[in-house]
Amino acid sequence: GAFSSPLSPADSGSRLARMTRKIDAEELKQHDTSKSVWTVINGKVYDVTDFLFEHPGGDAVLMEHAGGDGTTGFEDVAHTADARKMMEKMLVGDFEGQLHENSSSSAPSSSSSSSGGSSLLPLLVAILAVIAAVYAKSQGMF
């Protein structure tokens, strides 16, 4: 049946068919606004748009990883089995490719090169703004 094989035809409309969809970095990066939030977690692409304001950790943490890889942030927090089960409904497909500007680099984790880093600047600014706001609030500044 439709549920016995993860490779069911794409036109079947089943969730299993969606799971085999391949998303590259170019498509992923188009989903980085609050209108459409996609993130990669452990090589899978999830559409978390409708979950933004239900997320127990707040929407800012999801927005930090919009259009990018949220694996480290996700795994650093002890998400429950229920949380992981909820993610199944948000699955878009499998991520293919790299999220770094230097796609020819054999060491994608090295970010010593400043060329191409300009696309990360808005993300860095957003992360720093969130950190500053959390700190200021914890210090009773507002």
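Mentor: Start with confidence, since this is a predicted model. Among the elements of the protein chain, E3 has the highest mean pLDDT, 97. Helix H1, residues 15-19, has the lowest, 49.

Trainee: What is the mean pLDDT of the protein chain?

Mentor: The mean is 79. Of the residues, 71% reach 70 or more. Over residues 4-13, the pLDDT is below 50. That stretch has 11 contacts in the model beyond near neighbours in sequence.

Trainee: For residues 101-115, how many contacts does the model have beyond four places in sequence?

Mentor: There are 10, and pLDDT stays under 50 over residues 101-115.

Trainee: Next, salt bridges. How many are counted?

Mentor: The general idea is a side-chain nitrogen of Lys or Arg within 4 Å of a carboxyl oxygen of Asp or Glu. By this rule there are 5 salt bridges. One of them joins Asp94 to Lys22, with the closest N and O atoms 3.3 Å apart. This pair links distant parts of the chain: Asp94 is in strand E6, Lys22 is in strand E1 (residues 22-24), and they are 72 residues apart.

Trainee: Is Asp94 buried or exposed?

Mentor: Buried means under 20% relative accessible area. Asp94 has 15%, so Asp94 counts as buried. Lys22 is partly exposed, at 45%.

Trainee: Which salt bridge do Lys44 and Asp94 make?

Mentor: Their side chains meet at 2.6 Å, N to O. Lys44 lies in strand E4 and Asp94 in strand E6, so this pair ties together parts 50 residues apart in sequence. Lys44 is partly exposed, with 29% relative accessibility. Now put the pairs together: Lys22, Lys44 and Asp94 are linked in a network of salt bridges.

Trainee: What about Glu75 and Arg84?

Mentor: Their side chains also form a salt bridge, at 3.2 Å from N to O. Glu75 is partly exposed, at 36% relative accessible area. Arg84 is partly exposed too, at 35%.

Trainee: Where is Asn42?

Mentor: Asn42 sits in the loop between strand E3 (36-41) and strand E4 (44-47). With a relative accessible area of 47%, Asn42 is partly exposed.

Trainee: How do I read a loop residue such as Val48?

Mentor: Check place, burial and contacts in turn. Val48 lies in the loop between E4 and helix H3 (59-64). Its relative accessible area is 7%, so Val48 is buried. Leaving aside neighbours within four places in sequence, Val48 is in contact with Val37, Thr39, Leu62 and Met90.

Trainee: How many Å separate the C-alpha atoms of Val48 and Ala66?

Mentor: The separation is 8.8 Å, and these residues are 18 apart along the chain.

Trainee: Last, the surface. Which residues make a nonpolar patch?

Mentor: Leu124, Leu128 and Ile131 make one of about 290 Å². A residue in a patch needs over 30% relative accessible area. Leu124 has 46%, so this residue clears that cut-off and is partly exposed. Leu124 belongs to helix H6, residues 121-138.

How values were computed:
Residues numbered from 1 in each chain as written. Predicted model: local features only at pLDDT ≥ 70, side-chain atom pairs only at ≥ 80, totals over all residues. Heavy atoms only, no water. Helix = DSSP H or I, 4+ residues; strand = E, 2+ residues; numbered from the N terminus. Buried < 20%, exposed > 50% of the residue type's maximum accessible area, 1.4 Å probe, protein only. Patch = residues over 30% accessible without salt bridge, like charges linked within 9 Å, V, L, I, M, F, W, Y side chains within 5 Å. Areas by Shrake-Rupley, 256 points an atom, 1.4 Å probe, with all protein chains shown as cover. pLDDT = per-residue confidence, 0-100. Contact = heavy atoms within 4.5 Å.
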